[in-house]
Each structure stands twice: as C-alpha cells, then as structure tokens.
Amino acid sequence: MSTFAHFVTGTVAATAAIAVMAGWQHFHPAPMMAKVDIIGIVTSQQKNLVAQMKPGMDQKAQAEIIESASRFGKRLDVALTQVALECKCTIINSAAIIKDSPSTTYDYTRRVREIALSDQ
C-alpha cells in the first residue's frame with residue numbers, strides 16, 4: 001500500500017471516530033448537576049420549630065411540633081425529587097461542593113424551599 005493510501009485510510013478512520021464520538025455526546029449528554037443548600041433549609045426549619053417550643057408545653061403540643069418536623073422531612077424529600085425531575089439533573093448538597101464556578105452549577109435552593117414549605 002502506498003503512503004497516500006495509508007494517509008487517506010488514517011484520515012477516514014479518525015474522521016469516523018470523531019463523528020461517532022460527537023454523535024454519542026449529542027444524543028447522550030452528561031447529566032447536568034445542580035446544587036441545593038439542604039443544611040440551610042433544614043436549619044431554617046429547625047429554628048422555626050424551636051421558636052414554637054415553649055417551657056411548660058403540654059405533651060400534645062410537643063407531639064404536634066415533632067410530627068410537623070417529620071412531615072417537613074417527607075416534604076423535603078418530595079421537593080428534591082420534584083426539582084430533580086423538573087430540571088432533569090442530579091442534585092448535590094451544596095455542602096459537598098468544595099469549589100464551584102458560578103456559571104457551571106445552578107442553585108435550586110429557593111425552588112426546593114418553596115415546594116417543601118408550600119403545604120404548611
């Protein structure tokens with residue numbers, strides 16, 4: 001085989017490989033990542049519940065506050081699932097991010113808080 005034939009074969013093979021890889025990336029993009037400040041949401045709710053606790057409260061009122069905390073935990077889980085479905089993204093707790101570029105990871109904290117607190 002001549003040198004020219006080797007060159008053409010190599011060029012065609014490289015072009016085909018690049019085209020296949022580009023097509024794969026187009027139809028199977030990497031999942032988008034989004035962050036949520038879960039600790040901030042939970043801490044805010046915790047402060048709200050602590051403010052409701054009063055010295056000398058009866059057991060029924062205390063049980064209602066504890067039940068409210070339990071319901072909030074379930075609503076938070078539902079809110080995270082709903083936002084992940086809405087954005088078609090993977091949600092990461094913002095506390096797990098060491099360094100972030102502001103333009104690469106969208107923050108859905110406000111949306112999750114809105115959904116989690118909507119049923120109160």
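This briefing covers confidence, helix packing, the disulfide, the aromatic pair and selected residues of one structure.

The structure is a predicted model, in which local features need pLDDT of at least 70 and side-chain atom pairs count only at pLDDT 80 or more, while totals for chains, interfaces and linings use all residues. Residues are numbered from 1 along each chain as its sequence is written, and side-chain values use heavy atoms, with hydrogens and water left out. The search of the whole structure finds 1 aromatic pair, and the disulfide count is likewise 1.

**Confidence**

- The mean pLDDT (the predictor's confidence in each residue, from 0 to 100) of the protein chain is 88, and 98% of the residues score at least 70.
- Among the elements of the protein chain, the lowest mean pLDDT, 89, belongs to strand 3 (residues 106–107), and the highest, 93, to helix 4 (residues 109–117).
- Helices (H or I, at least four residues) and strands (E, at least two) are DSSP runs, numbered from the N terminus.

**Helix packing**

- Two packed helices are described by the angle between their axes and the distance between the axes.
- Axes are lines fitted to C-alpha atoms, for helices over the stretch in contact, and angles run from 0 to 180 degrees between N-to-C directions.
- Helix 3 (residues 59–87) and helix 4 have axes that come within 8 Å and cross at roughly 135°.
- Helix 3 is therefore oblique to helix 4; angles under 35 degrees count as roughly parallel, over 145 as roughly antiparallel, 65 to 115 as roughly perpendicular and the rest as oblique.
- The crossing of helix 3 and helix 4 is right-handed; a crossing is left-handed if the near helix is turned anticlockwise from the far one by less than a right angle, and right-handed if clockwise.
- For helix 2 (residues 38–52) and helix 4, the axes are 10 Å apart and the packing angle is about 40°.
- Helix 2 and helix 4 are therefore oblique to each other, and their crossing is right-handed.

- A disulfide is a covalent bond between the sulfur atoms of two cysteines.
- C87 and C89 form a disulfide (a pair of cysteine sulfur atoms within 2.5 Å), with their sulfur atoms 1.7 Å apart.
- The link of C87 and C89 is left-handed, with -55° about the S-S bond.
- C87 and C89 are both buried; buried means under 20% relative accessible area, exposed over 50% and partly exposed in between (1.4 Å probe, protein chains only).
- K88 lies in the loop between helix 3 and strand 2 (89–93).
- K88 counts as exposed, at 71% relative accessibility.
- Although K88 is not a glycine, its phi is positive, at about 50°.

**Aromatic pair**

- Y106 and Y108 form an edge-to-face aromatic pair, with 4.6 Å centre to centre and 65° between the planes.
- Rings of Phe, Tyr and Trp (its six-membered ring) pair if their centres lie within 6.5 Å; planes under 30 degrees apart count as stacked, over 60 as edge-to-face and the rest as tilted.
- Y106 is exposed, with a relative accessible area of 51%, whereas Y108 is buried at 17%.

**Residue positions and separations**

- Y106 is found in strand 3.
- Y106 and A61 are 45 residues apart in sequence and 39 Å apart in space, C-alpha to C-alpha.
- H28 lies in the loop between helix 1 (3–27) and strand 1 (32–36).
- H28 is partly exposed, with a relative accessible area of 41%.
- From H28 to G10 the C-alpha to C-alpha separation is 27 Å in space, and the two are 18 residues apart in sequence.
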